[in-house]
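Here is a short briefing to read alongside your model. Please keep the 3D view open and click along as you go.

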Amino acid sequence: MKAKGILFVVSAPSGAGKTTLSRKITEIVDNIHHSISHTTRAPRPDEIDGRHYHFVSKAKFEEMIKNDEFIEWALVHGNYYGTSVRNLDIVQKEKKDLLLVIDVQGAEQLRKKYKNGCYIFILPPSMEILEKRLRKRGVDSEEDIKRRLKTAEEETHHYKTYNYIIINDNIDEAVGQLKSIIFAERCRYPNFIPELPDLKL
Ligand code: 5GP
């Protein structure tokens, strides 16, 4: 029997492919939901409010912090990002798994509160490839790319505090690895408690 949903926390530097990876995984694995964060960052041209993020003003975000509406939040690349308490309902009430794609500061806050969560770090094959990917996607300014690369270098050192590491060289392989991690975690005690009526467990 599933006691409650599992919290899967994924961190990765910008450009490591976490958005593609998390989108693909929720398409192929049942009962896992992508957590939609709040941010004060401006939406990119292809982003939809309420689907990719809840885009809010700085004043609104700060009011939410004051009202304890976040289970974690952080200032990333000069903008606020946070996971609202409400997002956890799916884990606690509906017993479904939740996939959080958040930065290393947010993951650190969650690790203290949710020790049973599963923490996964995605690494690019090299910094050179990361830079190429950031430039290729063409959504960030030169200044932004430089800032993201600097943050990436700092963030990669945190991989040791995660339970699993995926090197995203080939997206299909990385999706396969993430899927295996999810399935393994679903069999792990106490995420799973067997109920066999003819056995006293
Ligand atoms: P981006 O601007 O590229 O969408 O995201 C920038 C960074 O913020 C990424 O590392 C992303 O994982 C992180 N991020 C997105 N949502 C959250 C959140 O709710 N909390 C935290 N701590 N980081 C987040």
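At 62% relative accessibility, C187 is exposed, where exposed means over 50% relative accessible area, buried means under 20%, and partly exposed lies in between (1.4 Å probe, protein chains only). C118, in contrast, is buried, at 0% relative accessibility. This is a predicted model, in which local features need pLDDT of at least 70 and side-chain atom pairs count only at pLDDT 80 or more, while totals for chains, interfaces and linings use all residues. Residues are numbered from 1 along each chain as its sequence is written, and side-chain values use heavy atoms, with hydrogens and water left out.

**Cysteines**

- How many disulfides does a search of the whole structure find? The search finds zero, with a disulfide defined as a pair of cysteine sulfur atoms within 2.5 Å.
- C118 is in no disulfide, and the nearest cysteine sulfur, that of C187, is 13 Å away.
- Seen from the other end, the closest cysteine sulfur to that of C187 is in C118, and because the two are 13 Å apart, they are too far from each other for a bond.

**The five-stranded sheet**

- Five strands make an open sheet with parallel pairing, in the order β2-β7-β1-β8-β9. Strands (E, at least two residues) and helices (H or I, at least four residues) are DSSP runs, numbered from the N terminus, and two strands pair if DSSP finds at least two bridges between them.
- The edges of this sheet are β2 (32-34) and β9 (164-167), each of which pairs on one side only.
- On average, neighbouring strands here are turned by 25 degrees against each other, direction ignored. For such angles, axes are lines fitted to C-alpha atoms, for helices over the stretch in contact, and angles run from 0 to 180 degrees between N-to-C directions.
- Strand β1 (residues 7-11) runs parallel to strand β8 (residues 118-123), and four bridges join them. In this pairing, S11 stands opposite F121 of β8.
- β1 also pairs with strand β7 (residues 97-101), again in the parallel sense and over four bridges. Here V9 has L100 of β7 as its bridge partner.
- Why is β1 described as largely enclosed by the rest of the structure? Five of its five residues are buried, so the strand is largely enclosed.
- Both faces of β1 are covered, with buried L7, V9 and S11 on one side and buried F8 and V10 on the other.

**The four-stranded sheet**

- A further open sheet has four strands in the order β4-β3-β6-β5, and its pairing is mixed. Its edge strands are β4 (54-55) and β5, each pairing on one side only.
- Strand β5 (residues 70-76) pairs with β6 in the antiparallel sense over six bridges. In β6, A74 has Y81 as its bridge partner, and E72 has T83.
- The hairpin of β5 and β6 has two residues between the strands, and in it H77 takes a positive phi near 50 degrees.
- Strand β3 (residues 38-39) pairs with β6 in the antiparallel sense too, over two bridges. The bridge partner of H38 in β6 is G82.
- β6 is mostly covered, as five of its six residues are buried.
- Helix α2 (residues 58-66) lies across β3, β5 and β6, and runs at about 45 degrees to β6.

**A look at S84**

- S84 belongs to strand β6 (residues 79-84). Is this residue buried or exposed? S84 is buried, with a relative accessible area of 7%.
- Leaving out residues up to four places away in sequence, S84 touches H38, E69, F70 and I71, where a contact means heavy atoms within 4.5 Å.

**Around the ligand**

- Which residues come nearest to the ligand? Of the 17 residues around it, these are S37, R41, Y53, Y81 and D103; a residue counts as near if one of its heavy atoms lies within 4 Å.
- In the side chain of Y81, an N or O atom is 2.5 Å from an oxygen atom of the ligand. A polar contact is a pair of N or O atoms within 3.5 Å.
- For R148, an N or O atom of the side chain is 3.0 Å from a ligand oxygen atom.
- R44 has a polar side-chain atom 3.2 Å from an oxygen atom of the ligand.

Definitions and conventions:
Polar contact = N/O pair within 3.5 Å; in protein donor to acceptor, adjacent residues only side chain to side chain.
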